[in-house]
Amino acid sequence: MTESRGLVLVVEDERHISDVQRLYLTREGFGVHVEADGTAGLAAARRLHPVAIVLDIGLPGMDGIAFCRALRDAGDWTPVLLVTARGEEADRILGLELGADDYLTKPFSPRELVARVKTVLRRAAGPPGPPPENTGGRLSVDPVSRTVRRDGEPVELTATEFNLLHHLLQHAGQVFTREQLLAQVWGYARYRDTRMVDVFVSQVRAKLGDASPIRTVRGVGYSATAPGP
């Protein structure tokens, strides 16, 4: 027996899909708890404290959007992987704006599901051996505690939002394309929908306000200004 990687909560109302998700996640050493509606799923998240949540958007009781909003409003930043149907693009973007970390579109490979769960967990853990605290001007970013302060006040960021900000600050002045950020922050080897990068940049900017160091380089991508004195 190998040590468990932790408990993954699967909230999915289609039994044949949740059975496959359970099978493949279990094979990879995860414990799995399944709920078939959003209300029960949210209660399970609060009771079980999973390491990650695989969340279908189209759920009875409470849909995935309301689930994600309730989770984040309560200050719970457990990594969330959304599962959506092809016609749910608007809901998918809203889910990301509410703090989901990634998404998969049905139909999907169960191996890709497992890979995505591992990826969001790596992002939540952060890079090994982080450098000292990066402090400058109004913004303070501590990669050890993974905390951000603006004018001395804490700012709540998701794991992915923190990693994006930290990556840009580590390479202040360097311009990254959206594809490069997907590879280096999200860990995707293949080209994906780059709109997700724009959503997360928008979220970080909204939370940091005029203290945000992220700048748009028109026609290329994004960069961060170096911290001030």
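This is a predicted model: local features need pLDDT of at least 70, side-chain atom pairs count only at pLDDT 80 or more; totals for chains, interfaces and linings use all residues.
1. Helix 6 covers residues 159-170 and helix 7 covers residues 178-186; the two pack at an angle of about 115 degrees, so they are roughly perpendicular to each other. Their axes sit 10 Å apart, and the crossing is right-handed. If you want to find the contact on screen, click on Thr160, Asn163, Leu164, His167 and Leu168 in helix 6, then on Leu181, Gln184, Val185 and Trp186 in helix 7. Sorted by class, that contact has 5 nonpolar and 4 polar residues, with no charged ones.

2. Next, have a look at helix 2 (residues 38-48) and helix 3 (residues 64-73). Here the packing angle is about 25 degrees, again with the axes 10 Å apart. An angle under 35 degrees counts as roughly parallel, so that is how helix 2 and helix 3 are described. Helix 2 passes helix 3 in a right-handed crossing. On the helix 2 side you'll find Gly38, Gly41, Leu42, Ala45 and Arg46, and they meet Phe67, Ala70 and Leu71 of helix 3. The class count for this contact is 5 nonpolar, 2 polar and 1 charged.

3. The helix 1 and helix 5 pair is worth a stop too. Helix 1 runs over residues 15-27 and helix 5 over residues 110-125; their axes come within 9 Å and cross at roughly 60 degrees, which makes helix 1 oblique to helix 5. This crossing is right-handed. Helix 1 brings Val20, Gln21, Tyr24 and Leu25 to the contact, while helix 5 brings Pro110, Arg111, Leu113, Val114 and Val117. By class, the helix 1 and helix 5 contact divides into 7 nonpolar residues, 1 polar and 1 charged.

4. Now for some backbone details. Most residues other than glycine have a negative phi, and most peptide bonds are trans. Against that background, check the bond between Lys106 and Pro107: it is cis, with omega about -10 degrees. Pro107 lies in the loop that links strand 5 (102-105) to helix 5, and helix 5 is the partner of helix 1 in the pair with axes within 9 Å.

5. You'll find His49 in the loop between helix 2 and strand 3 (52-56). Is His49 buried or exposed? With a relative accessible area of 60%, His49 is exposed, since the cut-off for that label is over 50%.

6. Asp151 is another non-glycine residue with a positive phi, this time near 55 degrees. Its place is the loop between strand 8 (147-150) and strand 9 (153-155). The relative accessible area of Asp151 is 46%, so this residue is partly exposed.

7. Finally, the overall picture. How many helices and strands does the protein have? The secondary structure comes to 8 helices and 12 strands. Of the 229 residues, 48% are buried. The accessible surface is about 10900 Å², and carbon and sulfur atoms account for 51% of that. As for contacts with a separation of 6 or more, 58% are between residues 24 or more positions apart.

Key:
Residues are numbered from 1 along each chain as its sequence is written. Side-chain values use heavy atoms; hydrogens and water are left out. Helices (H or I, at least four residues) and strands (E, at least two) are DSSP runs, numbered from the N terminus. Buried means under 20% relative accessible area, exposed over 50%, partly exposed in between (1.4 Å probe, protein chains only). Contact means heavy atoms within 4.5 Å. Accessible areas come from the Shrake-Rupley method with a 1.4 Å probe; for residues, only the protein chains shown count as cover. Axes are lines fitted to C-alpha atoms, for helices over the stretch in contact, and angles run from 0 to 180 degrees between N-to-C directions. Angles under 35 degrees count as roughly parallel, over 145 as roughly antiparallel, 65 to 115 as roughly perpendicular and the rest as oblique. A crossing is left-handed if the near helix is turned anticlockwise from the far one by less than a right angle, and right-handed if clockwise. Ala, Val, Leu, Ile, Met, Phe, Trp, Tyr, Cys and Pro count as nonpolar, Asp, Glu, Lys and Arg as charged, and the others, Gly among them, as polar.
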